[in-house]
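Work through each task before reading its solution.

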Amino acid sequence: MTAQSQKALEPVSELAFEAIINGERISCRIPARLNLVDFLREEVGLTGSHVGCEHGVCGACTVLVNGQSVRGCLMLAAQADGANIETVEGLHQSGRIADLQDAFLRHNALQCGYCTPGMLATLTELVEGKKSLSRDKIRAAISGNYCRCTGYQSIVDAVAEVIEARGGKVTS
Amino acid sequence: MKAADCLYARPGTLDEAVNLLATYGDGASILAGGQSLMPGLNFRLSSPNVLVDINGLLQSAPELGQIVDTGDAIRIGMLVRHVDIERSDLIAREFPMIAQAVAFVAHPAIRNRGTFCGSLAYADPAAEWPAVCVALNAVLTLVSDKGSRTIAAEDYFTGLFESQRLGGEIIESVDIPKQGGKRQHGFYELARRHGDFALAGVCVDAAGREKLSGARICFFGVHSHACLARQTMALVDGKKFAEIGADIVAAALAKDLQPFDDIHATSSQRLHLAKVVLARACEAMRSGGSAA
C-alpha cells in the first residue's frame, strides 16, 4: 500500500460530501456521525422529511436514495455521498407524486401530516410500474410507516385508486 | 438522541477493510447495511471509535453483492441485501423457504439497505436468517487480515447476539448447499405487527413433506440464539407431525429451548408459541401450502 493510499484510508471525523438532492448538486463538508435525515433537515433545510423513532421502525424519515426508499435515520450522510437523493419536496416539485397527493387529499389519507412525507416516499417506490397488487400487499408495503391519525384505511384506498388510475389492478 | 462522535473510514478493497479492523481492534465496527448498527449508535448502546464502511467494496469486488450458483451451493455474498434475496429467481427456485421468509424481514426500506450477512453477524435471536442458515446447513466464510476460514452455521451462533466471529473478521459469504429438490421446507413466523421482530418462528427442513425424516428444526425468537432443536428433531424423525401428541411435543421443546421473559411475551408464552409455530409450519409442509 502506498503512503498516499494509506493516508487516504485514515479514519476521519469529518469529510467532503457531494450529491444530487432533488435535482440540485450540493457540496459541503459533513461530520462523520451525522445521519442522512438530520443532514437533509439541518444542513440543507429540507424539513419535509421528519424524525420520529430514530431506530428505523416508524418510517417518518423515509426518503429515496438512488430511487430506493431508505430510512434517513439509519444511513450516515457520508454513505449517501455521490448519490441521487429525493425528498418529499423534490417529489412534489417534479410532479411525480401529483396523483398520490391528490388521492390523499380526497380520501383524507392525512390529518396531522407527520407520517405523510415518509409515507409518500415509500408509496412512490410501491406504485411505480405496478401491474397488479392486493390490498394486503399495499398494507404490507406501508407496514413500516406508522400513522397515528388516519387508521390507514384511507391511505390504502388512496393508493389503490392511484394504482388503478395508472393502469394497474388492485384485488382485495 | 444522536450518535456519539466517531471516525469514519471507507475502504475500497477487502484487504483495506480487514487491515483497518486489525488496526483499530475492538474500537472498530463494520458498517454494512447499518439497519442494526445505526439504531445502536443513535441510542448510544454502542459507541465505536471507528466506523468501517464496507459498502465501497462493491466497486473492486462486485461478486460481494451477488448471489451465485457455485455448483454445489448457492453463495450469498457479503453485501447482498435483503431486497436482492427478495428479487432472486435463483433463491426462489433452490430455497423456497428463503423466498417465503424474506417477506417477514422488517419493511421495504430496511430491506433495501440491510444485508443478509450483516444479519448473521448481528445474531439477533429473533432474526430469520440465522435460523434459516442453521436449518439449511449453511457454511459461513469469515475473512480477516490473517486469512479466511469456514464454519458451519449450526456451530456459529453461540449466545445472545454472540457468535464465533472474532473481532477483525468479516463474513465474506455464506454457502447454502443445494438440495436438488430432495428436501421439503416449512416456515412459520408470529409477530404482533407485520415486519416486527418475531415473537416465535421456526424453520423446518426435512426429507419428506408429511413424514419428517432427518428433520432439521431451528427456532427463532424463543431462545438466546439460533440452534438446532435436537430433542424435537429426534422426536419427529420419520413420523407424521400430526400423529405426535401435543404434550409430547411440548416436553421436547421445553428441553430444547430456554425462552426469555421480556416486555413482548413471557417465557411460558414463548414456549407455547414455539409449539404453535412448529405445528403450523408442519401443517403447511403437509398440505403443500404457504405458511404465511
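**Exercise 1.** In this predicted model, find how many cavities of 30 Å³ or more the structure holds, and state which residues line the largest cavity.

*Solution.* 
1. There is one cavity of 30 Å³ or more.
2. The largest cavity has a volume of about 40 Å³.
3. Its lining consists of Ala4(B), Cys6(B), Leu41(B), Ser46(B), Ser47(B) and Pro48(B).
4. Sorted by class, this lining has four nonpolar residues, two polar and no charged.

**Exercise 2.** Describe the second largest pocket by volume and by the class of its lining residues.

*Solution.* 
1. The volume of the second largest pocket is about 1200 Å³.
2. It is lined by 43 residues, and those closest to its centre are Ala140(A), Ala141(A), Ala103(B), Arg111(B) and His194(B).
3. Elements giving two or more residues to the lining include α5 (116-127) of chain A and β11 (184-190) of chain B.
4. The most comes from α6(A), with five residues.
5. By class, the lining has 20 nonpolar, twelve polar and eleven charged residues.

**Exercise 3.** Characterise the contact between chain B and chain A.

*Solution.* 
1. Chain B contributes 40 residues and chain A 34 residues.
2. The two chains bury about 2900 Å² between them, with 56% of it on carbon and sulfur atoms.
3. Four salt bridges are counted between the chains; one of these joins Asp38(A) to Lys2(B), whose closest N and O atoms are 2.9 Å apart.
4. Polar contacts between the chains number 13 residue pairs, both residues being at pLDDT 80 or more.
5. On the side of chain B that touches chain A, α7(B) gives the most, with five residues.
6. That side has 21 nonpolar, nine polar and ten charged residues.

Methods
Residues numbered from 1 in each chain as written. Chains lettered and ligands numbered in written order. Predicted model: local features only at pLDDT ≥ 70, side-chain atom pairs only at ≥ 80, totals over all residues. Heavy atoms only, no water. 1 Å grid on protein atoms, 1.4 Å probe; cavity = no way out; pocket = protein on both sides within 12 Å on 5 of 7 lines; lining within 4 Å. Points joined across faces, edges and corners; volume = space filled by probe spheres on them. Helix = DSSP H or I, 4+ residues; strand = E, 2+ residues; numbered from the N terminus. Nonpolar A, V, L, I, M, F, W, Y, C, P; charged D, E, K, R; others polar. Contact = heavy atoms within 4.5 Å. Buried area = accessible area lost by both parts, 1.4 Å probe. Salt bridge = Lys/Arg side-chain N within 4 Å of Asp/Glu carboxyl O. Polar contact = N/O pair within 3.5 Å; in protein donor to acceptor, adjacent residues only side chain to side chain.
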